[in-house]
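Welcome, and please get your viewer ready. We will go from one selection to the next and say what is there at each stop.

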Amino acid sequence: MTLMDHLLELRTRLIWVVGALVIGTAVSMLFVSPLLQFILLPLTEAGAKPMAIGPTDTISVFFKVGFTTGAVIAMPVIVYHIIAFASPGLYPHEKRNLILTLPGIMVLFVVGALFAYFMLLPTAVGFLQGFLGDIIAQEWTIDKYIGFVTRIVFWIGVAFEMPLVVAFLARAGLVSGQQLLGFWRQAVVIIAIVAAAITPTVDPVNMTLVMMPLLVLYASSVGLAYLLYRPRAPRDFSKEDFIPSEYQDE
């Protein structure tokens, strides 16, 4: 394929991605009210109710929730077109492995998001509501709360995909268990930094809640890398299969 062919293919796939986002957002807008009640549940159970300060805050929240949910609905289509665009650079068995990992990636993302919502958010919200609560009235704005929840749920969901990503890279011969194990000190520091960035509070309890599953996921990734690692064989372009047809007779 020429450069122009690649650009045309990229344009076609971007049209599919944008179309999936538009359809997913349109569908999710029909259910914004129950979705918003579900998102607000950790806060309402803590005895608080968010408020809107600006005249357009509720409208912006409506579209933010609708677009975020629409992106989740469209995620399979988005991932498929990303893989389809990048697949010509992979070996056939790497393409198969990547396709096989897709359902697991989606499942692990959902598991991580549920962990963040049911385990981390109630603890974080309870801590923040009670911190200096006898001195300062805790009145949360709806836009700040939605961004707060979205950040935690999304990044924890992404972090839970680590084992499958590492398993694919190990199977492709790009990373080994020995390399990951030798990197464990740096990994602990990186995980601590990531946990501190994700954690909405400064207390060690919530940071530990984030760090523990990340450390377990890293240990699982090391084990999978040991089991699945295969050295990557370099492509032999001298073979006939890799010689362009116009040069095969020379």
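Which element gives the largest share of the lining of the largest pocket? Select helix 3, residues 57–86: with eight residues, helix 3 contributes that largest share. Keep in mind as you look around that this is a predicted model.

**Stop 1: the largest pocket**

Next, select Thr68, Thr69, Val72, Ala113 and Val153, which lie nearest the centre of the largest pocket. If you colour the lining by residue class, you will find 19 nonpolar residues, three polar ones and one charged one.

**Stop 2: the second largest pocket**

Select Met75, Val79, Ile82, Ile105 and Glu161, the closest to its centre among the 15 residues that line it. Helix 3, helix 4 and helix 5 are the elements that give two or more residues to this lining. By class, the lining of the second largest pocket has 14 nonpolar residues, no polar ones and one charged one.

**Stop 3: helix 3 beside helix 5**

Show helix 3 together with helix 5, residues 142–159. Their axes are 9 Å apart and the packing angle is about 15°, which makes helix 3 roughly parallel to helix 5. The crossing of helix 3 past helix 5 is left-handed. To see the contact, display Asp57, Val61, Lys64, Val65 and Thr68 on helix 3, then Ile142, Asp143, Ile146 and Thr150 on helix 5. This contact holds four nonpolar, two polar and three charged residues.

**Stop 4: helix 6 beside helix 9**

Finally, select helix 6 (residues 162–171) and helix 9 (residues 204–228). How do their axes cross, and within what distance do they come? The axes cross at roughly 20° and come within 8 Å, so helix 6 and helix 9 are roughly parallel to each other. Here the crossing is right-handed. Show Met162, Pro163, Val166, Ala167, Ala170 and Arg171 in helix 6, which meet Leu214, Leu217, Tyr218, Ser221, Leu224, Ala225 and Leu228 in helix 9. The classes in this contact are 11 nonpolar, one polar and one charged.

Notes:
Residues are numbered from 1 along each chain as its sequence is written. This is a predicted model: local features need pLDDT of at least 70, side-chain atom pairs count only at pLDDT 80 or more; totals for chains, interfaces and linings use all residues. Side-chain values use heavy atoms; hydrogens and water are left out. Axes are lines fitted to C-alpha atoms, for helices over the stretch in contact, and angles run from 0 to 180 degrees between N-to-C directions. Helices (H or I, at least four residues) and strands (E, at least two) are DSSP runs, numbered from the N terminus. Angles under 35 degrees count as roughly parallel, over 145 as roughly antiparallel, 65 to 115 as roughly perpendicular and the rest as oblique. A crossing is left-handed if the near helix is turned anticlockwise from the far one by less than a right angle, and right-handed if clockwise. Contact means heavy atoms within 4.5 Å. Ala, Val, Leu, Ile, Met, Phe, Trp, Tyr, Cys and Pro count as nonpolar, Asp, Glu, Lys and Arg as charged, and the others, Gly among them, as polar. On a 1 Å grid over the protein atoms alone, a cavity is a set of points where a 1.4 Å probe fits but cannot get out, and a pocket is an open set with protein on both sides within 12 Å along at least five of seven lines; lining residues have an atom within 4 Å of a point.
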